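Please view the sequence and structure below before reading on.

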Amino acid sequence: MEMNQYLSIFIDEANEHLQSLNENMLRLEQQPEDISIVQVIFRSAHTLKGMSASMGFEDLASLTHEMENVLDLVRNDKLKMNGHIFDTLFKCLDSLEGMVQDIVGGGTGSADVKELVAQLKQIVKGEPAAPAAAAGQAAAAGGTSELAMVATHLLLDQFQLSVLRQSIENGSPAFHIEVTIREDCLLKGVRAYMVFDALERNGELVKSHPSVQDIEQEQFGHQFSVYYISRIPQKELQDALDKISELESVRIVPLDLESLSELDESRSAEQQIQEAVQQAAATAAAPSPAASADAPARAPAAAPVANKTIRVDIERLDSLMNLFSELLIDRVRLEQLASEVRRNDLTETVEHMARVSSDLQNIVLKLRMVPVDSVFNRFPRMVRDLAKSLGKKLDLVITGAETELDRTVIDEIGDPLVHLIRNSVDHGIETIEGRREAGKAETGVVNLRAFHSGNHVFIEIEDDGRGINQPKVLDIAVKKGIVSPDEAKKLSDDEINMLLFAPGFSTADKISDISGRGVGLDVVKSKIESLGGVVSVTSKAGQGSKWSIQLPLTLSIITAMLVKLGSEKFAVPLTSIVETGIVQRSAIRDLHGAKVIEYRKSIIPVLSLAAVLDSPDYSEENELETEMLVIRKGEKLAAVLVDELIGQSEIVLKTLGKYLTNLDVISGATILGDGQVALIVDPNALIK
Amino acid sequence: MAEDFKVIVFTLAHEEYGIEVDKVRTIERMTPVTRVPKTPVFVKGVINLRGVVVPVIDLRSRFSLPESEPTENSRIIIVAANELEVGFIVDSANDVIDLNTDMVENPPEVIGGIKAKYLSGVAKFGENRLLILLNLSEVLNRSEIIQLEQFGA
């Protein structure tokens, strides 16, 4: 089979299942009694197993298979979840995730799962009393019928039941057969095969437990059972089976209509669905009529997933975006030409085209929007593990997970968020004793929020921990030479908080597993800034701190002010421009060696863009009045002198490639309507 | 084993140079170049290559040869190596020839003032023609650019 074309689907779906497994495991940990969650987990695990097996990822399949065995006992009330089982299952999920990652990276998805498998097997075996008790219970509930015992783990779906019922009505006998193979049997798979062979020669198999596939792979204990429609009487059947050696016992129980209806009643609606999914996922390997029942039975289970979306390869979206940006460039060019040609019908057509293309632009941009949930969803698990390893109690409250961000931003924002959340959990939230002493609830709360505001998306991480220890921050900053002692005295609280983002800063007294990995908040800051975002922090001692990240909606198309310096054109992103205006040469004053002007009753520095960019053929020195842009970075303002303002334009961001990197003031390039390349000035780099 | 390979031949200050054909993406006529501030002198700037912004290097300047004004024959050879895509401004480019590894000798220490490390060899072919083969990874070595930036060059 051509695997490559299925691989990306497999990876996507595997990731989805892993995510759902993680989420539901966390939910189950909160409500361990809720069997319906176990059902969901079981279904996910089962589908994952089926997918992995059909793609040939053996280790994935075998690990999920063992997980399934444990979950099977849990959902049938034969095993109670406990801390050990949770930890083991979480470890399994980690391992599965690792394997899927390996597959993503082009690997074979193989991993050493022996230890985990052994642990899971131990869990399955480690409760010898449980199955007996369950069986006893079932027997009591089901009255005298021997079928009741098997009914709990060998449920038939509606179709299979009706097949059995019909055959009994037509006079051909139906049986439930339980075969036990001797413990010392060497090739139990072969024995099982011989049993199936004998059965298939004399009748029809309706259902087997475990599935035929599992039995063929020797993935069963020493016992299996089947529902069977026979063409020969029970006596002959018994003889035929008894001929097979190394069988401990063969127990044949004839079925009648009464026992069938008993079976029918014992099924819950939920189990039906689960059965159907299980069947569907187990592929058509089972040579029983059950296979044909899959299609109708599966529909209700699949319904919630089947919303009206399609998966699109991100590369195709990227090339759509690229093509679109070409169109945008041509549009600007056409607009220029139309304004020169001044022909009414041409102008009208171009205007119409401009409208259509800006609608198109909105749609293309929306196509690339992904809910932040795809990043947020990994945090509950992370916080759980962190809290456990730190011996803290805490809740992560996520709001606004449906908020959408451009795919390119989503891909990049994960690491900074991981860092900030770790920071909150490790440094922010106190230990249980610490919280008790401070008169707070034992359980700390970390809020993770996302919301839209204007042209930006905000992500906030707020904890109710101890807050930032500002004297300590100052102390360290002075010691490390980040600020001088004199400067330190003048800093406002917010400015002190911002010191945390200085390179090389760390308040951790000791390097723990969680923080102090050599990655500081400065990396977080530069990452967010590279995305065109801003990060800030506010804090109240003893009450907690709040980290706030402001991100642009998209990175690919921005509105910019085009400016001219002599023969050269540059673009300045509009988001950081506060105002444009004209400044008289005489209004520029010298203040302690720096040039400043008065702007709305405050004094702001003046920068010459021509000087910053080493302009070859322009200098404002000789001009009486110069055009300026007032730009903002956070709270700081500055006036930037330029030769001429060309006007506002939508531009498509392009990188300068890998050869030209670390350019201080230039953040990228764009192609103008005339085909020329214009460089994009990074206003953040202008204000130091 | 002697292997055949193809090279693009271009000239620079009356000498012939070669770049293996599989490293060359395309050869373009001179187009307007946008200057990029705060880069080494030999980085002339960036061009618009059908929607993609590509940096261009003046190869004369890169090799410290006397610079000259672009002419009718000037070409930009777009090369791709080590995940980098860069254009070289050359005096002219108009030939593709077949070479054999047997024809290539190690470069002599000094050729026309170009440092030997930029060269991967010298090929003798035809009637007394000499072709200087470029060592692209050295020519595009970014650590050297960073050094140059630090010295304020």
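**Surface patches**

Glu635(A) is exposed, with a relative accessible area of 77%. This is a predicted model, and Glu635(A) sits in the loop between strand 18 (625–633) and strand 19 (636–642) of chain A.

- Together with Asp493(A), Asp494(A) and Glu495(A), Glu635(A) forms a negative surface patch.
- A nonpolar surface patch consists of Leu186(A), Leu187(A), Val190(A), Tyr193(A) and Met194(A), with about 530 Å² of accessible area together.

**Salt bridges**

- Over all chains, the count is 36 salt bridges.
- Arg35(B) pairs with Glu568(A), with the closest N and O atoms 2.6 Å apart.
- This pair joins two chains, because Arg35(B) is in the loop between strand 3 (24–29) and strand 4 (43–49) of chain B and Glu568(A) is in strand 13 (residues 568–573) of chain A.
- Arg35(B) is partly exposed at 21%, whereas Glu568(A) is buried at 11% relative accessible area.
- Lys525(A) and Glu529(A) form a salt bridge at 3.8 Å, N to O; they are 4 residues apart in helix 24 (residues 521–530) of chain A, so about one helical turn separates them.
- A network of salt bridges links Glu29(A), Asp87(A), Asp94(A), Arg381(A), Arg384(A), Asp385(A) and Lys388(A).

**Annotated position**

- UniProt, in an unreviewed entry, lists His46(A) for "modified residue: Phosphohistidine".
- His46(A) is in helix 2 (residues 35–55) of chain A and counts as buried at 7% relative accessibility.

Terms used
Residues are numbered from 1 along each chain as its sequence is written. Chains are lettered from A and ligands numbered from 1 in the order in which they are written. This is a predicted model: local features need pLDDT of at least 70, side-chain atom pairs count only at pLDDT 80 or more; totals for chains, interfaces and linings use all residues. Side-chain values use heavy atoms; hydrogens and water are left out. Patches are made of residues with over 30% relative accessible area and no salt bridge: like charges are joined within 9 Å, nonpolar side chains (Val, Leu, Ile, Met, Phe, Trp, Tyr) within 5 Å. Accessible areas come from the Shrake-Rupley method with a 1.4 Å probe; for residues, only the protein chains shown count as cover. A salt bridge is a side-chain nitrogen of Lys or Arg within 4 Å of a carboxyl oxygen of Asp or Glu. Lys and Arg count as positive and Asp and Glu as negative; His and the chain ends are not counted. The place of a charge is taken as NZ of Lys, CZ of Arg, CG of Asp or CD of Glu. Buried means under 20% relative accessible area, exposed over 50%, partly exposed in between (1.4 Å probe, protein chains only). UniProt positions are given in the numbering used here, feature names are shortened, and annotations may be inferred rather than shown by experiment.
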